[in-house]
Amino acid sequence: MKATSFVVFITSVFISFCSFSCKNTNVDAPDSLTVSEGFKNPIGFYDSLPSFSWKLPVTESVKSQSAYQIICASSKGFLPNNPDLWDSKKQESPQSTFVKYQGENLKSRQKVYWQIRFWNQDENASDWSEINSFELGLLNNTDWQAKWVGLNTAKNNIRGVRKFLMHRPQYLRKGFELSSDVVSARLYITAKGVFDVHLNGNDVSDDVMSPGWTPYNHRIETLTYDATEFVQMGKNSIAVELASGWHSGRVSRRTALYDNFSSPKILCQLEVVLKDGSKQTIISDESWKGTTNGPIRLASVYDGEVYDANLEIPNWTKNDFDDTSWVPVETEDITNSVTLEPKRHNTVKPKMMLEDAEIVSVNNNIAIFNLKQNMVGVPKLNVPMKKGDTLKIRFSEMLLSDGTFYTTNYRSAKSTDYYIAAKDGLIEYTPKFTFHGFQFVELSGYDKDAQTKSTWVKGIVQHSDFEKNGTFTSSHHKLNQLQSNITWGLRGNFFDIPTDCPQRDERLGWTGDAQVIVPTSLFNYETHAFWTAWLQSLRENQSEHENGLVPWIVPDVLQINRASPGWGDAVVLIPWNIYNITGDKRVLEENFEAAKKWIGFYKSKIEDKEFIPKMRSFGDWLQPYPTKTGKGGNSGDTSKELITTAYFAHSSLLVSKMAGILGHSKDEKEYYDLHKNISGVFRNTFFDKNGKVKNGKETQTSYLLAIYFDLLKPETKIKAQKHLLKEIEKANNHLGTGFLGTPILPKVLDEMGEIDLMYKILFKETYPSWFYSINQGATTMWERWNSYSKAEGYNAESMNSLNHYAYGAIGQWMYERIAGIAPLTPGYKKIRIAPVPNDILSSASASVNTPYGEASSSWKMDNETFTLDVVIPPNTTAEITVPYATPKNTLINGSTINKYSNIKSLSADKESIKIVAEPGTYKIQTKL
Ligand code: BGC
């Protein structure tokens, strides 16, 4: 080699070495890796076509992502150099959320290890992230060798409330031997009913009421547990407690649906990999034995549990237990008509403990305890008893004026637990196969010589296992109480499915309630997977109807073939909102056909009037001051035809938009044209030229729907807005809206620039308003604006839940506008920071864990200064509107605006400035 070429060679080696290693050195690895709808290292995962998401590190050197690389391998050791399952290669793309896996087909049980790196805005590569993994569950019915097993409990013919068949809870077990040391073990398990499983005397998990509630005639979800640490060489035993739950128990008013009168059963398959390389599988089959002579005598979702400690069976979950007196189980083969699929969202778990009970009263050996918060779950009791006595445990959400229990609103739900003591002394009891909605607990039957102690009762709060996703707080204690009531309303009603209420003889997946609360729930909790899982159930129930009907409730245990506008539209509105808040397109893909079918349902209901479907409707449910009294007034005064046509038009438009996003241009046009046609008929039928409601009563909601859904001509819309303001004025700035109008009200007034009016309505103290219930002592959202008042007591209707999330839908506006943080484009790729301060408040702030990381907006007013603190996560941009600001009177991080380099652009009008900002932390100060 000549000297010159040697120099060139060395230089190029040096340059390429430097460009590789220098680029690698200063960019931190991405973190918070998740698969599909936010799962972190799941096992028993449901999704064989997963997507990947990650967050860029928050550091000076990272503003955005210019490219990424994802690698997947079948073994940890193969990463990063030998990704045998998939290598995305370097992709020039800013996408860091929901990137679809495109490797080899994934199979049941398969474990995938994955890693990601990204290139920042300067093309510098980051370090590789930590290795994450996901492991698939049993994806197909054919993966199961096990059989359904259980005892025939139907034959006992025990009848409960309304003569419903009740099943004695079962205790099922099997002993088995493993021939070698254990390398790994997976327990795949589910039930027709609800179960709790033990291995060698250990509780395998703290899951509650598994496997949860799906339309069991279509699909039963299965769970996977890592059982490695629970099993061993030699003798082992598996033991399962089994009760009716939703499958075989009393739910709603249903009669014989599915095989709900059949006895509960379990299905379980323990797959063990042994040190000698062999695999041993233990399945539920005819070798199992069972008894119903255990301590849980009865258990019902609505009615409570009966526990007799005299019937406890010591050591039944352990080896060496003699089960010769137990009876062999009956078996049933799995069928193909019901699919067994890994659970696609988290189970219910104990999430919190309320420990600060207060004794309200003790009279005639009846003690009442107050947990100071309306909650959902079970009590944890430590109570002194005498052998043979029965402790009766009652619940209520609030008290009557004489200090006794208000339980009329439980309707037929007995919601009472019993514990029969087997010894003198302190007993410990937590019911297992029921749950209650309550704040007060009443005990009777305890040791009457004992001094009542507040420590006897604690409250275990249970809900689907997700974490907080956002916070909201302000300078106003009632607004903060409202936020607290909203979040308690959410916790209380996310019990595997979104329920309307958690306490009475309903607890059902009402579609209308669900659709109004989705945005607020996604701000407050990580509920992405929770909703997409329930949407699968919704589609399954919809598939039972040729005409596209979406039932009132999902799972549809009512089976009465009825749908309502604003309820069935859940199939359109929920995916649409989830997409906008998370940016996950798959929710649109999954639900697009179902959404189209729902529009088809509207079409099928058109009779004599063009584009005006004729169908049942709940109206603007529970509007205050309805013309009719009693039950008849529940659906409010807004014309039902108007509501139906408005939702028909709106959902058609959203379906058109979905089609546009998914690239279905023919549908996009077809549904847009349909929307236009319906809108035309809507405005001619229900509004006159002056924008006033015709052919129906003028109500806040009729105007709100027409304006928010944009169904009027622009000039009529302006007139309709005036009529709306008149309606609000007539109500002296009170709400006149029910379930459908309420979530829309703030959006419409906001769009109209009527922020002050919206604040007046929100801060109203008298009925009907949000603060009214707070003034009456509410710690959760109530079903009615007037569920209770100190002056008049409880609403006379028994349909009067004190834990109903629908009116909590105002939470979205609190985040988006009071604190000022919202997605401007789907999934927060662009963030809008635009608080609307008001004199009533001196500060408000919210933070949200966006798909790109934490974003926050926090403002305060003091000393003639308005300060806005903003955090914008990497790989996003923000449009920040600063009220009161002019380019001259404003400082950003201490500098005048034009000197501040992170600002991409600036515009101003009379009342505010608008800044387009890069990721970072900003303190924006404006002299008032
Ligand atoms: C439920 C609701 C539901 C309504 C529909 C009630 O019984 O609790 O919240 O949306 O029925 O009419």
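Student: What is the relative accessible area of D206?

Tutor: This is a predicted model, where local features need pLDDT of at least 70, side-chain atom pairs count only at pLDDT 80 or more, and totals for chains, interfaces and linings use all residues. Residues are numbered from 1 along each chain as its sequence is written, and side-chain values use heavy atoms, with hydrogens and water left out. Buried means under 20% relative accessible area, exposed over 50%, and partly exposed in between (1.4 Å probe, protein chains only). D206 counts as partly exposed because its relative accessible area is 41%.

Student: Which residue forms a salt bridge with D206?

Tutor: A salt bridge here is a side-chain nitrogen of Lys or Arg within 4 Å of a carboxyl oxygen of Asp or Glu. For D206, the closest N and O atoms of the pair are 2.6 Å apart, and the partner is K349.

Student: Where in the chain do K349 and D206 sit, and how many residues apart are they?

Tutor: Helices (H or I, at least four residues) and strands (E, at least two) are DSSP runs, numbered from the N terminus. K349 is in strand β25 (residues 348–354), while D206 is in the loop between β14 (202–203) and β15 (219–226). The pair therefore links distant parts of the chain, and the separation is 143 residues.

Student: Is K349 buried or exposed?

Tutor: The relative accessible area of K349 is 19%. Because the limit for that class is under 20%, K349 is buried.

Student: What is the N to O distance in the salt bridge of E590 and R344, and how many residues apart in sequence are the parts it ties together?

Tutor: The side chains of E590 and R344 meet at 3.4 Å, N to O. E590 lies in helix α7 (residues 586–604) and R344 in the loop between β24 (339–342) and β25, so the pair ties together parts of the chain. E590 counts as partly exposed at 24% relative accessibility, whereas R344 counts as buried at 4%. The two values asked for are 3.4 Å and 246 residues.

Student: What is the area buried between domain 1 and domain 4?

Tutor: Domain bounds come from an automatic or database domain assignment, which gives domain 1 as 25–136 and domain 4 as 470–815. Buried area is the accessible area (1.4 Å probe) that two parts lose on being put together, summed over both. Carbon and sulfur atoms give 43% of it here, and the total is about 680 Å².

Student: Which residue forms a salt bridge with D47?

Tutor: Three salt bridges are counted between domain 1 and domain 4. For D47, the closest N and O atoms are 2.8 Å apart, and the partner is R586.

Student: Which residues of α13 are buried?

Tutor: Helix α13 (residues 755–762) is mostly covered, with six of its eight residues buried. Taking contact as heavy atoms within 4.5 Å, those residues pack against α3 (477–493), α11 (714–730), α12 (745–751), α14 (770–775) and α15 (811–819). The buried residues are I755, L757, M758, Y759, I761 and L762.

Student: What is the omega of the peptide bond from S210 to P211?

Tutor: P211 is placed in the loop between β14 and β15. The peptide bond from S210 to P211 is cis, with omega near 5 degrees.

Student: What is the phi of D320?

Tutor: D320 is found in the loop between β21 (304–308) and β22 (327–328) and is exposed, with a relative accessible area of 66%. Phi is positive here in a residue other than glycine, with a value near 65 degrees.
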